[in-house]
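Let's look at how two parts of one protein meet, and at what the words used for that meeting stand for. Take a moment with the picture, then follow the questions.

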Amino acid sequence: MWSIDLAPADDAQAACAAVLSPEERARAARFLRSGDRARFIASHAALRLVLAYALGSEPRALAFAAGPAGKPELVGAGLAFNLSHSGDRALVGLSTQARIGCDLEALRPVPDAIRIARSTFAADEAAGLAALPPAARDRAFMAVWTRKEAIVKAIGAGLSMPLDRFSVSLPPGPATLLRISGGREEPADWTLAHLEPGPGYIGAAAIAQAHAPLRLHALPPGWPRLIG
Ligand SMILES: CC(C)(COP(=O)(O)OP(=O)(O)OC[C@H]1O[C@@H](n2cnc3c(N)ncnc32)[C@H](O)[C@@H]1OP(=O)(O)O)[C@@H](O)C(=O)NCCC(=O)NCCS
């Protein structure tokens, strides 16, 4: 896993944009706010940098295609990846072994956490959140949310997969997939990890492999200079 600070990339936007594909540049051009555009460009440049490093390739040489439910995949490389971005930070997960998903969120108050959990999450997750002291609830909600998004992103279905089809553990215990129904997935075949990729951020990674090893690295400050 790689954690990436997107803020310092503002003054390196041209270098970042230069390694993107025409499709990525066209997507970037559609952002109305310059800050959103800069963060999109930086996150995709950082994704290319990390993937190229892992593959011994060049950032601009990588080609992507969308999987059946829109999950981006590398063309012609046996490396699974997933990207998440929130605020000034991005997460990139890589696996040579199995499907991987990750999710990152900037920590924030969630005044309607219980209502969202009851209408969207599995019943045991909603009950667990409702039983927590209010002071612990926002962080626990975001931990559950990122764990669940990491799983649907690993599977590739995104939010088209109902979030009540499976349950994850609540903090402070280790992140675990407890139950999943309606398909061929088995909880024992999954590794779920809680991530704290930087101050004010919470995240999770899901890998469709039992006991998958997982390490969190950070791209160094000034990383756009490494793009070449
Ligand atoms: C994929 C999805 C879960 C993203 O969630 P998010 O928290 O908004 O965004 P994140 O930053 O965590 O992830 C975005 C990245 O996930 C990746 N991604 C896109 N589709 C994906 C999918 N189906 N599975 C896994 N990853 C996906 C992309 O790299 C994307 O980055 P990009 O937009 O810069 O190219 C969500 O947008 C989704 O489910 N999309 C599919 C469409 C859909 O089902 N819509 C129904 C809405 S109710």
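Q: What makes the count of salt bridges between domain 1 and domain 2 what it is?
A: This is a predicted model, and the count between the two domains is zero. A salt bridge needs a side-chain nitrogen of Lys or Arg within 4 Å of a carboxyl oxygen of Asp or Glu, so no such pair links domain 1 to domain 2.

Q: Which residue stretches are called domain 1 and domain 2?
A: The domain assignment gives 2-97 as domain 1 and 103-207 as domain 2. Their C-alpha centres lie 24 Å apart.

Q: How do you know how many residues of each domain are in contact?
A: Contact means heavy atoms within 4.5 Å. By that test, domain 1 brings 14 residues and domain 2 brings 13.

Q: How many residue pairs are in polar contact between domain 1 and domain 2?
A: There are ten, with both residues at pLDDT 80 or more. Each has N or O atoms within 3.5 Å, so these pairs count as polar contacts.

Q: What makes up the side of domain 1 that touches domain 2?
A: β4 (80-86) and β5 (89-95) each supply at least two residues, and the largest share, five residues, comes from β4. By class, that side has four nonpolar, seven polar and three charged residues.

Q: What area is buried between domain 1 and domain 2?
A: About 1000 Å², with carbon and sulfur atoms giving 55%. In domain 1, S86, R89 and L91 lose the most area to domain 2, together 45% of what that side buries.

Notes. Residues are numbered from 1 along each chain as its sequence is written. This is a predicted model: local features need pLDDT of at least 70, side-chain atom pairs count only at pLDDT 80 or more; totals for chains, interfaces and linings use all residues. Side-chain values use heavy atoms; hydrogens and water are left out. Domain bounds come from an automatic or database domain assignment. Buried area is the accessible area (1.4 Å probe) that two parts lose on being put together, summed over both. A polar contact is a pair of N or O atoms within 3.5 Å; within protein, one must be able to donate a hydrogen and the other to accept it, and residues adjacent in sequence count only if both atoms are side-chain atoms. Helices (H or I, at least four residues) and strands (E, at least two) are DSSP runs, numbered from the N terminus. Ala, Val, Leu, Ile, Met, Phe, Trp, Tyr, Cys and Pro count as nonpolar, Asp, Glu, Lys and Arg as charged, and the others, Gly among them, as polar.
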